[in-house]
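Trainee: I'd like to learn how to read salt bridges in a protein model. Could you take me through them?

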Amino acid sequence: MKTTKLFVALLVLSLLAIFQTGRAQQFEIHPIYYTIFDEDSLSGFNETEARALAIYEGSLGSEFKIKMYRLKREFINQKYGLVTAKTGVNNNYFSNPLPVSTPVVPGCVNEDFEASTAGPITTTNQIAGWTVVEGYNGDVFSSSAPSLTAVFPNGLSGANSCNLLGCCPLPPSHSQLIDCSAPGGYIDNTIGAQYPIFSVFGTGTVAGAAASNTDITQGMFGTKVIRLNDPVTQDRSMAKLSKTFSVSASNALFQFAFISVFAPNHNCCEAGAFQIKLYDHGPAANGTPTIITCPSFSVSAPSSQCTQTVPMTYYNVNSWTPATVNSAIIYNPWKLSSMDMTPYIGKYITIEVLVSDCNQGGHFGYVYFDAQCGPMTVYGNGNPYDAGTNVIVPTCGAAGATICAADGLGPYSWA
């Protein structure tokens, strides 16, 4: 009998140890799963409506528990007038806790990434002319996520894809500079072989690039593109690519192209996202930065709760079938866009490119990105003119004129 009791006791202790070990490991990744709220604090909370909202917004599986925690936490905060402390959060993108800063570089330095060596990006200044850092899109509790305690000593609450509170105190580990020089281009394992990836900007051409990207009328050039973030789920990562430079007439046009890959779901602020932000420092490189509201660029993973802010055509991965809001994983072919920075000539500008997973841990987001800069040029009858030129069409001897401006801008109004 004693032997049987001892065996049972040891078995129970072993099972408890296994349970606690698994629980501790899961608790570190998802501490909110095990947060228990006081019943009195939740008095008045409509559990049924909250569950319906979570399901409607695509928070299923492990994400359901995260969403329910947030809804309960928000209810309690509003009920008792509580404000969640965000000490340690990097709200100011220019107060980076890493011992590095975005260097000021001359305009058009390695915009197209051709001057850097392809491979995983592991240091902040590995890409010449650019800075690459990363962050964490979601809740962090210093008592239960030791690996992030040093970065967010007092935790992080309410971080999402709109406010980007978790951006970006960490060194890069999820991004890569991609070599697309192979004759068949680079094959992304998620997108599939039906859409090989080639470089958009640079010098020289690669066989097959133009045929695979007929929508890019300016042609396909170069051999390298950068991938920001990756297709890994459960880590809620985000990546930021940035540079600061002085705007002049020779670099007042910033052109970029991107391929976004999303596992779509959730509302706009919880889904994976891709944004480009510009900051004006004024005439001094160390001037106080202010956000530039236009031009700017923002795309969120489309869903029934959120449609993209830029008109685009998405496709299902591994096929050319058009995607819907209910598609599993989607991507867009290269999309070219441009930013006119002529109003900021003589000033220092910071460009930030940000990509994030969803903030609940179940849906990834990453982007292939390529860029170039140069003068803002307008063509009149095939002749180039600086955008500040008053007259670009001859007033005598011309029966008509064709006027062309930069790709990726518009609509235009001519006067």
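Trainee: Which side chain meets E111 in a salt bridge?

Mentor: General idea to begin with: side chains of opposite charge can pair when their charged atoms come close. A salt bridge is a side-chain nitrogen of Lys or Arg within 4 Å of a carboxyl oxygen of Asp or Glu. Here, E111 pairs with K243, at 3.0 Å from N to O. E111 sits in the loop between strand 1 (104-105) and strand 2 (119-120) and K243 in strand 6 (residues 237-246), so the pair ties together parts 132 residues apart in sequence. Strands (E, at least two residues) are DSSP runs, numbered from the N terminus.

Before we go on, a word on the source: this is a predicted model, where local features need pLDDT of at least 70 and side-chain atom pairs count only at pLDDT 80 or more, while totals for chains, interfaces and linings use all residues. Residues are numbered from 1 along each chain as its sequence is written, and side-chain values use heavy atoms, leaving out hydrogens and water.

Trainee: How many salt bridges does a search of the whole structure find?

Mentor: Three. Another one joins E352 and K240, at 3.4 Å from N to O. E352 lies in strand 13 (residues 348-356) and K240 in strand 6, so this pair ties together parts 112 residues apart in sequence.

Trainee: Is K240 buried or exposed?

Mentor: Buried means under 20% relative accessible area, exposed over 50%, and partly exposed in between (1.4 Å probe, protein chains only). K240 is buried at 3%, and E352 is buried at 2%.

Trainee: And what does K347 form a salt bridge with?

Mentor: With D280, the closest N and O atoms being 3.5 Å apart. K347 is partly exposed at 29%, whereas D280 is buried at 12%.

Terms used. Helices (H or I, at least four residues) and strands (E, at least two) are DSSP runs, numbered from the N terminus.
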